[in-house]
Amino acid sequence: MAQSPRPAGFYRQNDGQHDALVCDGVALAAIAAAEGTPLYVYSAAMLRERYQAIDGAFQGYPHALHYALKANSTLAIARLLRDLGSSVDANSVWEIEVARKAGFEPSHIVFTGVGKTPDELEAAVALGVKAINVESAGELARLEAIGTRLGRVVRVAIRMNPDIDANSHPHISTGLKINKFGVPLDEARALVQTLKSRPSLALVAMHVHVGSQITSLDPLRRAAALAAGVSLELQQQGFPLEYVDLGGGLGVSYDGGDVPSAADYVAALVEAVRHTSLPIVIEPGRAIAAPAGALVARVIDVKARTAESDFVIIDAGMTELMRPALYGSYHRIEPVAAPPAGDHHYEIVGPVCESSDVVGRDRRLPLLKAGDVVAIRDAGAYGSAMASNYNRRPLPAEVLVDAGAWRVIRRRQTVDDMLSLET
Ligand SMILES: Cc1ncc(COP(=O)(O)O)c(C=O)c1O
């Protein structure tokens, strides 16, 4: 009898006696026992599935997926995506370096970022990346000077600020006039006209990115329509645009609520852009990486909080996963070796010396005790990438599970690693 294929990602397996959370079929408890906690675990199958769902949804419409490295740029993950045919969006010269180490060609890299230093710009020009997504008239002038000095024609896209509300958290909305990102629409149009007499700059695209964790198609559709409209206008004026860059931003379901499917998302973008005949570039990060990762942590202590609830103190907190403290964001938390449902009332907190170091507020879970291992779900994006050494906490180890086997893709940092930079 043919075996049914193993599901991708994180799911519960129950053999009648034990209930276990597994990643691509491997028990998280076993990985935690071998590698210790806190620990990031990623599913290669889920990364592939999420990438391919978006890529396949274009159904032949010309496009390029530039995975946003800021979501997670661990080398093995970048390499896995490169092997699938991905390109990348880099937000610093250091992300460009990581992309190069992961095997991405310069022509597969777009360089975004609201504050690129002159050194970063020069490195990107010298490398000859696919495009530098320009955030201001000043940045364009700096690029022009670099291009002239190096005798290069610099490929640029202008990032427009479309004044569109992404309706996501204020900290991750980027498309409003009051946000620091991009060039206001009128100014962008005027800036483009100056390019006619600036031979060291070549305009290859117009760019928009209105925010992250966007859970309704409307802002994405409106931003795409606007970028397509401006692009058509410029094509009609004789600007030989090569593509339109619609940024990233597609949200994921952290709490089981509805989010647009990859197919609906891509269909909306294609519908908005088709009349220009331009290929579409997108820069998804979260939608690919978030569900493919879990942060695995161990309970250190349980102590009374109120008459009805207890604190559960775990060995991962805002240093390993900053999102809850930074945005008040929600992540499912569940024990890895016991059924996930229960009616004990817990505040799940990290070990860091900040009262904002709360990983999960107001949770109902089965009884937890010191030594139990829990998984914080959907932590593959903006998790390890945002980790810090606050309280001198070492960066956690990272493990990639692939085809039923797992390997460490980043070893746990040591104090000596940290101190090696200091005198
Ligand atoms: C310019 C740009 N592109 C892409 C992304 C990736 O966004 P997301 O991870 O929401 O897809 C970001 C993140 O905010 C961004 O600023």
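**Exercise 1. Which of the 15 residues around the ligand come nearest?**

Before you start, note that this is a predicted model, in which local features need pLDDT of at least 70, side-chain atom pairs count only at pLDDT 80 or more, and totals for chains, interfaces and linings use all residues. Residues are numbered from 1 along each chain as its sequence is written, and side-chain values use heavy atoms, with hydrogens and water left out.

*Solution.* Step two: pick out Ser212, Gly249, Glu283, Arg286 and Tyr382, which come nearest among the 15. Step three: sort the shell by residue class, which gives 3 nonpolar, 7 polar and 5 charged residues. Here Ala, Val, Leu, Ile, Met, Phe, Trp, Tyr, Cys and Pro count as nonpolar, Asp, Glu, Lys and Arg as charged, and the others, Gly among them, as polar.

**Exercise 2. Find how far an oxygen atom of the ligand is from a side-chain N or O atom of serine 212.**

*Solution.* For serine 212, the distance is 2.4 Å. Glycine 249 uses its backbone instead, with an N or O atom 2.8 Å from an oxygen of the ligand. Finally, check the cover: the protein hides 94% of the 390 Å² of accessible area that the ligand has on its own (Shrake-Rupley method, 1.4 Å probe).

**Exercise 3. Work out the strand order and pairing of the open sheet of 3 strands.**

*Solution.* The order is S1-S2-S3, and the pairing is antiparallel (strands are DSSP E runs of at least two residues; a pair needs at least two bridges). Now look at the edges: S1 (10-14) and S3 (26-27) each pair on one side only. S1 is joined to S2 (residues 19-23) by 5 bridges, and phenylalanine 10 stands opposite cysteine 23 in S2.

**Exercise 4. Locate the cis peptide bond next to proline 38.**

*Solution.* The bond runs from threonine 37 to proline 38, with omega near -5 degrees. Proline 38 belongs to the loop between helix H1 (28-35) and strand S4 (39-43).

Definitions and conventions
Near = heavy atom within 4 Å. Polar contact = N/O pair within 3.5 Å; in protein donor to acceptor, adjacent residues only side chain to side chain. Helix = DSSP H or I, 4+ residues; strand = E, 2+ residues; numbered from the N terminus.
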